[in-house]
Every structure is written in structure tokens, then in C-alpha cells.
Amino acid sequence: MTRLRNEDALEQWLKLAEREAAGESLTAEERRILAERDDLRRDATLDGQLASLMRFDNEPPGGALDQISERSLINQILERADQHPTHTVAAPTRTYTPILALAAALLLVVGGALLLRPTTPSSSPDVRPPAVTQALETHVLLVAGEAYHGAAALDPGEALHAGSQVIVDKGALILEGHRAIRWRLLDHSAMELIRLDTAEVELQLLRGTLQAVVDPAIPHPTLRIHTPHGVVEVTGTVFSLHVSHRQTLLDVYRGHVRANTQRTSVDVGAGQRLVLGEDKPESREGHALPPWVDTLAQLQGDHATSLLVSTTPRGARVFANDVALGETPLRALMPPGATELRLNLEGHVALKEIVTLRKGASITRRLTLDPVQVVDAGPAADEEPVPPPVTPQAHTPAGALPQVVEAESNDPLPDASAGAPDPTPKANVAARPPHRRETPDQLLKAAMRHRYAKAWNKAERGFRRLLKKFPTSPEAHVVRVSYGQLLLDRRNQPRAALKLFEAYINRGGPLIEEARLGRIEALRRMGRSSAEQNAIEAFLKAHPRSLKASALQKRLSTLTSPREGDTTP
Amino acid sequence: MGHPLTHPLTDQHLADLALARSASQGEIRARRELATRLLRRVQTSVRYLVGGHDGDADDLVQSAMLEILKHLDTFEGRASLDTWADRITVRTTLRALKRRQSRWQRLTSWAQSTSRSEPQDPCADARVGELRRRLALAMGRLPLEQRVVVMLRWVYEYSMPDIAHVTDAPLDTVRYRFKVGRAKLRSHAKKDPLLRAWADAGGLS
């Protein structure tokens, strides 16, 4: 296994090793050569160990699928492959051409005879009965951000079929499954179309947020949505679903939705919210329809105009006739006609333009947004006073977050337009003092650099700044875990940390395991044993193979044991 | 277990060729047999190439499998079916990764790789899985070209000329990529407390 460099070196090393073993004193150079040999040997051993770990049991890292999942995946792949047949099927080889030509001629003769024959219903077993249902297609109406079908980026107008898997990494995606059924997926959502026909539109929301409008005035298939925590059935309503690792939240704005789980079947009406699996829905504040209903209504599937809006810098909110569509870069199918486009980006001059959209045409608008003029010299970004660190024990009786996170954590739906029924630009935009341009990425990296340098105050300021300036950015989402850990480990602020961990857990992400561990630790420090127990159970269910699993099992048994002797009702 | 890419046809290769031909002509049983045979291999390759992000890996596995099924008629039996599939998997995955290497993915990858990890003494069952997960993450921190070479060499024990053939790269370049990639991976492994503790304790032996 050891890879020595050459024969001479081997001989030299052996001699040196013998001399060393015999207790002879070695020169510094000789000791260096021996140490180098040891390093090489250790490296070679490590290489062998890593290689054997990589091909361990001939299984993929992360483990192989169980037989059922594997079979299901193979079925799915074969189905998709059949939709795009191989070259051979499409272009038969020359050897078979005469046979195929003969077969085609026979088919023509038989087909012609069948066509010319008088039609007698059910007279022949060869004639297939008409299908009860007809397959549908789902069409992409809008892409604002990054949305994929498999590994391919999605574009408006694209058709999706049963079996299609859709991921929205960033931004929003709007789909139309039927003339009466439209839905929007927000960032970090993953969905699979299970069935698409005139009887039923069935899909699975694996994670993220889905907002749907089903028009009861138009006859339509039943919409059925599977989530990890239950199934919802819809026939004419406005509702949203938010799936996180922990729960599925159903909000109904109009009509009724039936939510079925293994235990319960609950009818949820307008103005109600239900956590799937619970017996009773809660009343939700506010009965107005959310603004995204207008967004869905603004788009058009058939005979539409393709509109592309991109801006420099990106991320400007686009309004069409005062309806928020999404953020740039944005591609959408719009109804023809004169449309007022408005673009807003914080710190930049808002733009307004009237475009005439013609049926079947494509319109592209690439715009540059100018920063607002300097009104007075504002502080540079680095000199901006940083809000004092939050001391949750002092002013967060309800377990509130540091202020910058609270706004988002109150609303589980990360909808940029949800809180803005009137999308009029903010009056103070033009008067805002200019800031040096900072991106979330820069802020995150700077804060993490401070964190690893153990400059806790600077790191905390960086985290808070990122959360304040870009609360809905992916970077802010990631940083919640790091900031939560900092608050927990360095500031002894479990309450504030808990809020951050829960905000992260609700939306999910690659650091979900760390966030769940953080939540457990925060609850433990707060002395909330019952909640801690639930959190540990949830963790063990989600990460049964975690390194912390055995330690948490022990902790769980410690938490549960006193209850056995507890006689209180 | 070598993978010579040019060799006289053996019984195994003839069987591969027959299977691929049947599958390319739409024979359902052959297509299923072929997909079943290649799925784990494709999953292994993709997950190491992706660097442990399962959400992406599953999509890419499907894409690679679809490409393999789509191009079965181009399989001529000059290499083994596995090698031929590896070549398609590597190309498809690299293409997709280069396209999809968005800011968000780089960021989460970075955040994940710098997340806190303490040495543990886990139970044996969970340990190998976790070690492999960490190794896949460490792979994800190598440049794509080095990742491919290390994966083909260590997982499938390809020779350097075979890797050069699969990756369409000059032999010297492949050797260099392997040398550098291996050193980086070793370095990442040494920095990971769990992997280091495992290696110090003798690895899988």
C-alpha cells in the first residue's frame, strides 16, 4: 500500500530506520528524510482508506434506495424515456425497411377498410371504447427566478406532463393545469405532477409553498394535492399550502378545502387555517383575498404574448397594471393589450412604461435602473450605526426574534407581494441616502469570516445586517442557523436563537439537521422539557442515522422517565 | 478490477451488446434489466460528482439514466456497458453541474462545508453512512474536473488512460488532476474531525 518514490529512497529509508532502531543518533537531515517517509506512508494509507470508504459495499453515498423506491424510480425513468424514444425506434435500420414498408402498407389497407366501413357502434372488438378521461398538459405561465424541470430550466409556454418533477430554487413559478386551475410555487418548492386528466389533477408538494386558485365557475377536474402530512382535495376555491419538514399548513381564502390525513378528515372554510393532522381549523386574521390571486389572474395561457423583463441590477419587482408579477429576471405569458409595466427596486429610481402586447408576439424589455440621486451625504455602509444587540430576556416575553427576523417569521409564506395589496412605490425611496452597494453574498461571507476568526461582535453585527437588509434572500436564510448558534453558544440567548432555528426549520434547507439540533439545545436551556422532548422526537424521526441520535435517545429517556411516576392528571 | 476500454469482445461484452440492442429496440424487459443494472452505478457516480447534495443528485441521476437509455443505439460493445454508461453519466452530470452551479448552490455548499462538526463516537451502523456523506461533501469541494478523476479512479479503479478516454482529456492532464485532487481530498479529510478520527483508528479495517 505504501508508495515509495523509488528504489534508492527505499534503500536509504531502510538503512536510516535500522540505524534509528539501533539507537544511533541521526543528523537533522536524516531525521527529515525519515519524517518525510512517514508522511508519505501516512498519506498513502489515508488514500487507501478513503478509496475503500468511497466504494464501500458498492453503494452510493447516502445509501441505496430501498427496493420499492428503486423500482418506482426505474418506472419513472422508463416512462420518461418512452416519451422521448431512442434514435433506433425513431429511425429504424435499413435491414428492416422492407418489412416495415410492407407493414405500413398493410396498415394503410386495413385502416382504409375500417374507415370506409359503415359505423356500427360496438360491432367490433377491435374498436377501443372512447376514453372516459382525456390527458391534460400543465403549462408554465410565468418564471421569475430559477425553476427547473429535472435539470432543464423551465420557460413560459412549456408543457409538463404527469410524472414531471419541478423545482423552484429561487423566485416563483406559475403553472396552469386546466383552464380553471392555476397555482404558484415559491422559492425552495418541489412538486411532482402525478395525474393530469379531465377527471383529476393530482400532484405532490414535497416541500415549499403552493398558492392556488380554482375557479368554481368553470367545470374542472378535482384538484388533489399530496403532502408529507396529508392530502387536500379541492373543487373551487382559493387556498395556499406551505410544506415544511415539520408540518403542512393550509390557508383557505375562499370556498372549502377538505384535508385528509390518516387520522382526520377536516373541512376547512374561508378565513381558516389548519395544520394538517389537527382536528380543528383556526380562524385566520383578515378575510381579504391575498394579492397573489390577482397575479394568477393577470396571466394568460392561450393566444398570449411572451414578455421578458430583465433589469440591471436584478431583483426589481415587476407590476403589470398594478398587479405584482414577481422579481426580475421574469418571463411570463400575458394577455394581449396595452399594459402598464412598473418596476421598483429599493434604492433605485422606479420605472414606468406602457407596452402594447400583441397576440402571439414576444416582447423583451432589458432595463437599467439608476440609483437614486444623492440627497445628502449619508454614512457609508461600514459606518452605519448597528442596532444594539438584542437581549431577548429583557424584551421578548413571547419569544420574539431579534427585530430583523420577526417580520418574516410571522408569515410562513415567503411571498414578496403578500403584504402589499397596494403596490404603490414607497414615498421615501427617492429621499433615502445612498449606500455603498452590498450584496447578500458579500455580507454573508464577511460575517462568516468574522465568525471563524472568533470576532463574535463583528460576526453578530454582520448577521444582523444581512437579516435586516436582505431578509428574504437565500443567504439570510442560511445565516439563521449560524446566527442562532452564535446566540446560543456565545450570548446565552436561547430564546432568540430558538426563533432563528424555527424560522429556518419552517422553510427547510441543507442545514436543517443543525437547525433542529440548535432548537433542541435552545429548548433545553430554556427549561422547556415538553417542547424539547417533542423536538428530539421530531429530530430522531427526521434524522434517525444522525451522529447525535444515540445521545439524543439518552436525553429523551431522561426526559420521559420522571413522567412515569408523575401522578398529576 | 480494471476497465480496459479497447479489448477483444468477451462473452460479457457480447451479452452487454445484445442487452443494449434489445433495449434500444424498445423491448420492455431488456430496458428494465438495463436500468436496474445501471441505476446504482449512476447514483454512486452522480452523488460523488454532485458532492452530496441529494436534492440535485436525484434529478441528475434521472437525467443521466434518460441519456443512457436514449443513446443505447450508439453502444457498439467496444467497451463494457458499465464503462460506456460511466462516460455518459460523467458528461451529462458535468454539463448540468456547470449550468446549474448557481450562486445559491455554491453558497449552501460553502455554508454546509463550513458548518460546525465535532468529533463523535457514533454507533457503527450510522458511522459509515455519515463518513461517506462527509467524504461526498469533501468531494464537492474539489473542482469538477478533479472530482471526476478521483471518483473514477477510486470508486471504479479506472486506469489513467481509461480516465483520459472517458473524460476526453490528455493523459498528463488526468494524472495532474488526480494528483492534485487526491491531495486536496486528503487535506479535507484530515480537517474533518470525524474522518480523521476514523482514519487514525484504522479506517474500515
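Q: Which residue in β17(A) is the bridge partner of Ala144(A)?
A: That's Leu330(A). Keep in mind that this is a predicted model.

Q: And how many bridges join β1 of chain A to β17(A)?
A: There are 3, and the two strands run antiparallel. Strand β1 covers residues 138-149 of chain A.

Q: What about β14 of chain A, in which sense does that pair with β17(A)?
A: Antiparallel, over 5 bridges. Strand β14 spans residues 305-312 of chain A, and within that pairing Ser306(A) has Leu333(A) as its bridge partner in β17(A).

Q: Is β17 of chain A largely enclosed or exposed?
A: Largely enclosed by the rest of the structure, because 4 of its 5 residues, 330-334, are buried.

Q: OK, other strands. What's the order in the open sheet of chain A?
A: It goes β16-β15-β18-β19, 4 strands with antiparallel pairing. The edges are β16 (323-327) and β19 (351-357) of chain A, and each of those pairs on one side only. From one strand to the next, the twist averages 25 degrees.

Q: How many bridges are there between β18 and β19(A)?
A: 7, again in the antiparallel sense, with β18 made of residues 337-344 of chain A. For a specific pair, look at Leu341(A): its bridge partner in β19(A) is Glu353(A).

Q: Switching to Glu200(A). Where does that residue lie?
A: In strand β7 of chain A, which runs over residues 200-214.

Q: Buried or exposed?
A: Glu200(A) counts as buried, because its relative accessibility is 11% and the cut-off for buried is under 20%.

Q: What does Glu200(A) touch, leaving out residues up to four places away in sequence?
A: Arg195(A), Pro221(A), Thr222(A) and Arg224(A). As for Gln134(A), that residue is 66 residues away along the chain, and its C-alpha atom is 9.9 Å from that of Glu200(A).

Q: Now helix α12 of chain A. What span should its 14 residues have?
A: At 1.5 Å a residue, α12 (residues 494-507) should span 20 Å, and the end C-alpha atoms are 20 Å apart, so that agrees.

Q: How many of the 14 residues of α12(A) are buried?
A: 11 of them, so the helix is largely enclosed by the rest of the structure. Among the buried ones are Leu498(A), Leu500(A), Phe501(A), Tyr504(A) and Arg507(A).

Q: Let's move to chain B. How many helices and strands are there?
A: Chain B has 10 helices and 0 strands. Of its 205 residues, 56% are buried. Among its contacts with a separation of 6 or more, 71% link residues 24 or more positions apart.

Q: Where is confidence lowest in chain B?
A: In helix α5 (residues 103-113) of chain B, with a mean pLDDT of 43, whereas helix α9 (residues 171-191) of chain B is highest at 91. Residues 103-125 of chain B have a pLDDT below 50, yet that stretch has 48 contacts in the model beyond near neighbours in sequence. Where pLDDT is low, the predicted coordinates should not be read in detail.

Q: What does chain B average for pLDDT?
A: 78, with 79% of the residues scoring at least 70.

Terms used: Residues are numbered from 1 along each chain as its sequence is written. Chains are lettered from A and ligands numbered from 1 in the order in which they are written. This is a predicted model: local features need pLDDT of at least 70, side-chain atom pairs count only at pLDDT 80 or more; totals for chains, interfaces and linings use all residues. Side-chain values use heavy atoms; hydrogens and water are left out. pLDDT is the predictor's confidence in each residue, from 0 to 100. Contact means heavy atoms within 4.5 Å. Buried means under 20% relative accessible area, exposed over 50%, partly exposed in between (1.4 Å probe, protein chains only). Two strands pair if DSSP finds at least two bridges between them. Axes are lines fitted to C-alpha atoms, for helices over the stretch in contact, and angles run from 0 to 180 degrees between N-to-C directions. The expected span of a helix is 1.5 Å times one less than its number of residues.
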